[in-house]
Amino acid sequence: MGNAAKIVYLMTTEILINVTPHETRVAVLENGSLQDVFIERTRKRGLVGNIYQGRVSRVLPGMQAAFVDIGLERAAFLHVSDVLVAAKNTAVQPAASHSAEHTLPVELLSANLADEVDEVSASAQDTKLTDVLQDTKLRRDPPVEAIGALLREGQEILVQVVKDPLGAKGARLTMQISIPSRYLVFMANLRHVGVSQKIEDVEERKRLKAIVDNFMASAPGGYILRTVADGVSAEDLHADMEFLQKLWRSIEERARVEPAGTLIHEDLPLVMRTMRDLVREQIEKIRIDSRETYQRVLKFAGKFMVEMMPSIEHYPGERPIFDLYGVEDEIQKALERKVQLKSGGHLIIDQTEAMTTIDVNTGAFVGHRNLEDTIFTTNLEAAQSIARQLRLRNLGGIIIIDFIDMQDEQHKRQVLRALEKSLERDHTKTHISGVSALGLVEMTRKRTRESLGHLLCEPCPVCKGRSSVKTAETVCYEIFREILRAARQFEAQKYLVLASAEVVDLLLDEESTSVADLEEF
C-alpha cells in the first residue's frame, strides 16, 4: 500500500456576472455547484466601506455607544470600541464652501483594488479587517474612557460603514478607517505593519515588512500586507502605498470642507468589488454577459491583474447566462424552507430575527446496514449541505443545528469535523462552539449584509409574517428577465404581463423607465 497512487482533487472555480440596468448579480461556482450569490440593485446599493462625515446626534452612556447622523433615513450606530481615543480633541468643523475639487477621479479611486475577500477590510471592529488583524496577532486595547468622555452631541466625526442597515437596525460605524488596495490594506489610525498568515515563508515575511517599514518612516497610518503581496517587488508595493496615501489625503481634505451627512468616499459597485475581493489566480473563468462591463473589467485587469486577462470572457449567448449554469433554479431553491439531500434526507431551515435553526431529517433515506449508519451517513451529507446553504443564503448571526442524534462518539466527532472542513472555504468568519448539552451544534457566522431571503423577500401580509413572499421589486425583475427569454425565443410583437396590483403599480411608476428601456431593447 506504500506505493499507492495519491489522489489529488482539484477545485475549479468560475465567476458569472449578470448585468442589467436595474440589477447586477454575481454567482460563484465551485466544481459547477453554486456557492455564493451577490446581488446589488441600482436603487439600493450597499453602504459597507463608504466613508461619511457624520454628526453625533445622541450619546448613550448606558450602552457605551452613540447614534450618528450620516444623512441616511435612520441614525447609524457607533460603539465605544470603534471610537478613536483622540476624538475628544476633534473640533466641530463649521460648514465651509462645499466643493468637490479635492476629489480624485472615479477611475483612480477604483483602479487599484483587487484582493481576496477573506482579507478585505472596512473596519477594525466588525468586518473583514477584524479577521486580518486577528491573523496578524494585532489586538486593540479595550477603551479606557467612557463614551461620554470621547464624544459629545453635535460633534462632527469621520466614520466608515462596516455593516449595512439590517431590518429595523441602522448601519454600524467605525472611526477606525481602513482602505484596501491591490497588495495592502491601509489603516489610517493604526501605526502597525502586519503580514497575512497565508504568507508562510519567514524570509518573505521579513522582506515585505522591511519594505513597508522603510516607507512608513515618512508616511502616516499602518498597513496589512495581503496574500497576493507574496513575491511582489518593492516598486509595486511603493506604488500601492503612494496610491493609498494620495487617496487618504483627498478624503481628509474633503472631510474638512464638507458638512455632516456628506458621503466622502464611496465603495465600488458590485462588479468592481468582485474583481477586488473575489478574483485570484485560482479562478478558472470570469464570464460577463454585458459587453460594456466586460470592456471595463478587461481594462482594469490589463492594468493591474494581467495574469487574469485570459480568464475573462464575454458571454454573448442568446440563453441567459444564469439559466445556462442552472443558477436561477438554485436561487429559487435557496428561498425555500426545505432543502433536499441527495440521499433522500432533508434539511429544514428557519430564519428568525434572533437566530437561524437548521433541523436534519432522514426523510426517505432508509440506509443499507443499520440505523446508526443511516443516521451517520445522513448527518455527514447534511454537514456539507449546511456549509453550502450558509454561504448561498448568506445566513449570519447565531445558528443552531439539530443533527439527528448519534450514539457513537466517534461519529459525532466526524460529523463535527466534516462541518468544520466544509466551512473552511467560507470567506465569512465562522465559529463553532461544539455540541451543547442538548445535543445541538451551536455556531456563529459574521453578519455584514442582508441574507438572500431578506434581500429578495418580505414578510407575508396574509399570515402576518409567519412566512415570506417575494417583494414586488423582485417580481418586477423576474418579469424583465422572463420577457428577455421570450424575446430571444419567439418573434412576438406584443407581450402580456399578468401580475398583482402592487407589481403592476411598481412597473408603471418607479420602474417605468426600465420598462421603456426594455421596449426599446
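Reader: At roughly what angle do the axes of helix α6 and helix α7 cross?

Author: In this predicted model, helix α6 covers residues 270-277 and helix α7 covers residues 291-304. Their axes come within 11 Å of one another, and α6 passes α7 in a right-handed crossing. The angle at which these two axes cross is roughly 35 degrees.

Reader: How many nonpolar residues does the contact of α6 with α7 have?

Author: From α6, the residues Val 271, Met 272 and Met 275 take part, and they meet Thr 293, Val 297 and Phe 300 in α7. Sorted by class, this contact has no charged residues and one polar residue, while the number of nonpolar residues is five.

Reader: Is strand β1 mostly covered or mostly exposed, and how many of its residues are buried?

Author: Strand β1 spans residues 13-19, and a residue is taken as buried when its relative accessible area is under 20%. By that cut-off the strand is mostly covered, and the count of buried residues among its seven is six.

Reader: Which residue of strand β14 is the bridge partner of Ile 17?

Author: Strand β14, made of residues 283-288, runs parallel to β1, and five bridges join the two. Within this pairing, the partner of Ile 17 in β14 is Ile 288.

Reader: Which residue in β2 stands opposite Glu 14?

Author: Strand β2 (residues 23-30) is connected to β1 by a hairpin of three residues. The two strands pair in the antiparallel sense, over seven bridges. In that pairing, the residue of β2 that stands opposite Glu 14 is Leu 29.

Reader: Why is one side of β9 and of β11 left without a neighbour in the sheet, and which places do these strands take?

Author: The sheet is open and has four strands with mixed pairing, in the order β9-β10-β12-β11. Strands β9 (178-180) and β11 (193-195) each have a single partner strand, so one side of each has no neighbour in the sheet, and the places they take are the edges. From one strand to the next, the twist averages 15 degrees.

Reader: What is the bridge partner of Ile 179 in β10?

Author: Strand β10 consists of residues 184-187 and runs antiparallel to β9, with three bridges joining the two strands. In β10, the residue that forms the bridge with Ile 179 is Phe 186.

Reader: About what angle does the direction of helix α4 make with that of β12?

Author: Helix α4 (residues 202-216) packs on the sheet, where it touches β10, β11 and β12 (222-225). Taking the direction of the helix against that of β12, the angle is about 160 degrees.

Terms used:
Residues are numbered from 1 along each chain as its sequence is written. This is a predicted model: local features need pLDDT of at least 70, side-chain atom pairs count only at pLDDT 80 or more; totals for chains, interfaces and linings use all residues. Side-chain values use heavy atoms; hydrogens and water are left out. Buried means under 20% relative accessible area, exposed over 50%, partly exposed in between (1.4 Å probe, protein chains only). Two strands pair if DSSP finds at least two bridges between them. Axes are lines fitted to C-alpha atoms, for helices over the stretch in contact, and angles run from 0 to 180 degrees between N-to-C directions. Contact means heavy atoms within 4.5 Å. A crossing is left-handed if the near helix is turned anticlockwise from the far one by less than a right angle, and right-handed if clockwise. Ala, Val, Leu, Ile, Met, Phe, Trp, Tyr, Cys and Pro count as nonpolar, Asp, Glu, Lys and Arg as charged, and the others, Gly among them, as polar.
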